[in-house]
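Dear colleague,

Please find the structure below, handed over for your records.

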Amino acid sequence: MTSLTLTPGAVTLADLARLYRGEAALRLDPACHGAIEGAAARIAAAANGEAAVYGVNTGFGKLASVKIAAEDTATLQRNLILSHCCGVGDPIPRAQTRLMMALKLLSLGRGASGVRMELITLIEEMLARGVTPVIPVQGSVGASGDLAPLAHMAAVMMGHAEAVFEGETLPGAEALRRAGLAPVEFGAKEGLALINGTQFSTAFALAGLFDAWRAMQAALVTSAMSTDAIMGSTAPLQPEIHALRGHAGQIEAASVMRALLDGSEIRESHREGDSRVQDPYCIRCQPQVTGAAMDMLRMAGRTLEIEANAATDNPLVLTEAGLIVSGGNFHAEPVGFAADMIALAVAEIGAIAQRRIALIVDPTLSFDLPPFLTPAPGLNSGLMIAEVTTAALMSENKHLANPCVTDSTPTSANQEDHVSMAAHGAVRLGRMVANLERILGVELLCAAQGIEFRAPLSTSAPLQAVLNRLRMHVPPLTEDRYMAPDLEAAALLVRGADVVEAAGTPMPELGA
């Protein structure tokens with residue numbers, strides 16, 4: 001297992017993508033250890049002092065006015081974690097769990113949370129040795145932090161709850177023991193520091209962002225294939241058009257599509273004498289739509305990069321000022337907005353792709369392709385219902401794209417009277433991107449079939465390479481067959497970046 005050393009406050013989207021995509025262990029830069037230990041010492045002093053400090057020697061939420069004796073500190077933190085383990089639903093994926101743990105490390109590493117290095121080391125070792133807490137997907141409203149999900153993580157550190165180790169789900173204490181680790185007893189504020197924060201929501205938002213960006217890159221390829229399949233015009237890709245508008249994503253999308261289509265015999269065959277003056281918007285406006293989605297994803301990415309580097313628990317130790325201050329950095333509003341932005345981009349990439357599919361299978365619009373892309377229409381239905389499936393997925397994504405961040409509801413006896421719903425907004429992204437990948441997979445099938453009907457004319461070299469990769473997994477549709485495996489195989493090519501890799505064309509980067 002590779003190991004990454006990251007500096008809290010300076011982590012990039014590229015770093016976070018590596019953490020999400022791989023099984024890398026994570027170590028915090030030792031330069032941050034001094035600040036962590038200094039903040040922990042200040043919390044320890046406050047726990048033994050007379051002044052009430054929220055979460056250190058008081059109760060929580062609506063119970064903040066209840067003073068807690070110093071000898072009850074460990075019991076207070078233990079009770080906090082166990083009482084907050086109220087998550088329900090299916091366990092979240094391993095990749096998101098590990099990313100959540102890494103984000104918690106980065107937050108604690110800012111030296112404002114007051115936890116001991118012992119806790120930092122335990123999380124690092126859990127990541128390195130593969131101890132993965134079982135985190136139920138439901139239960140957070142993204143307000144006073146992602147309380148329930150993070151409590152399930154913290155409970156494993158105490159030897160409670162459940163964790164997966166070497167493929168087996170075990171009681172937390174047993175998982176730690178088998179990995180050669182020991183549970184810890186939390187000191188003053190340590191339990192609170194672990195469950196206050198936006199790391200669950202941020203992990204899911206980042207996962208949605210990274211997967212959406214990969215799907216967007218594939219959409220540039222499939223859209224170019226669709227353009228060639230229906231013998232569409234490349235005139236709308238002229239660089240001057242996009243420079244006159246000025247949006248970076250639009251300019252990049254058009255540039256990539258020009259490169260993908262360059263050298264196509266199909267394109268050259270109808271450059272002169274084509275009776276069509278303009279293509280439908282789903283062909284002509286691809287850079288404008290996909291490019292706008294790229295810009296939206298990058299805006300969300302900037303927000304999430306900041307959030308990944310943030311200290312988001314409460315109270316925070318302001319060491320230089322000598323203060324422990326109660327604030328509201330745990331409120332996940334920025335993450336909620338970012339998740340809603342990603343959802344909009346995903347829905348729109350899928351919506352215009354679905355219209356391209358509808359265009360290709362319609363003989364009145366596809367410029368002489370056979371109905372539903374079958375050589376013997378009537379006896380065969382071809383890709384008729386594959387297109388219907390994409391319409392269903394597109395419609396589902398439209399519903400899922402409705403904003404979550406505006407859906408506040410009061411909780412905790414009205415102490416937490418405005419919440420972000422960031423967890424809802426972020427978790428839905430996985431389902432939305434999976435829908436998009438399947439839409440693009442069907443577009444890949446349709447566009448490839450359409451290009452093959454243009455023989456002996458050939459498409460461009462990059463697009464032919466993609467078609468060849470597809471045909472390694474899915475043969476041409478010569479007559480009706482059981483279609484579900486074809487759709488899933490094509491979606492997997494989108495999800496695994498095979499489509500982009502086969503094209504071999506430089507793609508826009510998320511962090512650009």
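Helix 15 packs against helix 16 through Val346, Ala347, Ala351, Gln354, Ile357, Ala358 and Val361 on the one side and Glu387, Thr390, Ala391, Met394 and Asn397 on the other; contact here means heavy atoms within 4.5 Å, and helices are DSSP runs (H or I, at least four residues) numbered from the N terminus. By class, this contact holds eight nonpolar, three polar and one charged residues. Ala, Val, Leu, Ile, Met, Phe, Trp, Tyr, Cys and Pro are taken as nonpolar, Asp, Glu, Lys and Arg as charged, and the others, Gly among them, as polar.

The model is predicted: local features need pLDDT of at least 70 and side-chain atom pairs count only at pLDDT 80 or more, while totals for chains, interfaces and linings use all residues. Residues are numbered from 1 along each chain as its sequence is written, and side-chain values use heavy atoms, with hydrogens and water left out.

The axes of helix 15 (residues 333–361) and helix 16 (residues 384–400) come within 9 Å and cross at roughly 160°; axes are lines fitted to C-alpha atoms over the stretch in contact, with angles from 0 to 180 degrees between N-to-C directions. Helix 15 is therefore roughly antiparallel to helix 16, a term for angles over 145 degrees. Their crossing is left-handed, that is, the near helix is turned anticlockwise from the far one by less than a right angle, clockwise being right-handed.

A second pair is formed by helix 4 (residues 94–108) and helix 9 (residues 199–229), whose axes come within 8 Å and cross at roughly 125°. Helix 4 and helix 9 are therefore oblique to each other, the class left once angles under 35, over 145 and from 65 to 115 degrees are set aside. Helix 4 passes helix 9 in a right-handed crossing. Among the residues in contact are Leu99, Met100 and Leu103 of helix 4 and Phe200, Phe204 and Leu206 of helix 9. This contact divides into eight nonpolar, four polar and one charged residues.

The largest cavity has about 50 Å³ of space, and its lining includes Arg471, Arg481 and Asp486. That lining comprises seven nonpolar, one polar and three charged residues.

With kind regards

Conventions. Helix = DSSP H or I, 4+ residues; strand = E, 2+ residues; numbered from the N terminus. 1 Å grid on protein atoms, 1.4 Å probe; cavity = no way out; pocket = protein on both sides within 12 Å on 5 of 7 lines; lining within 4 Å. Points joined across faces, edges and corners; volume = space filled by probe spheres on them.
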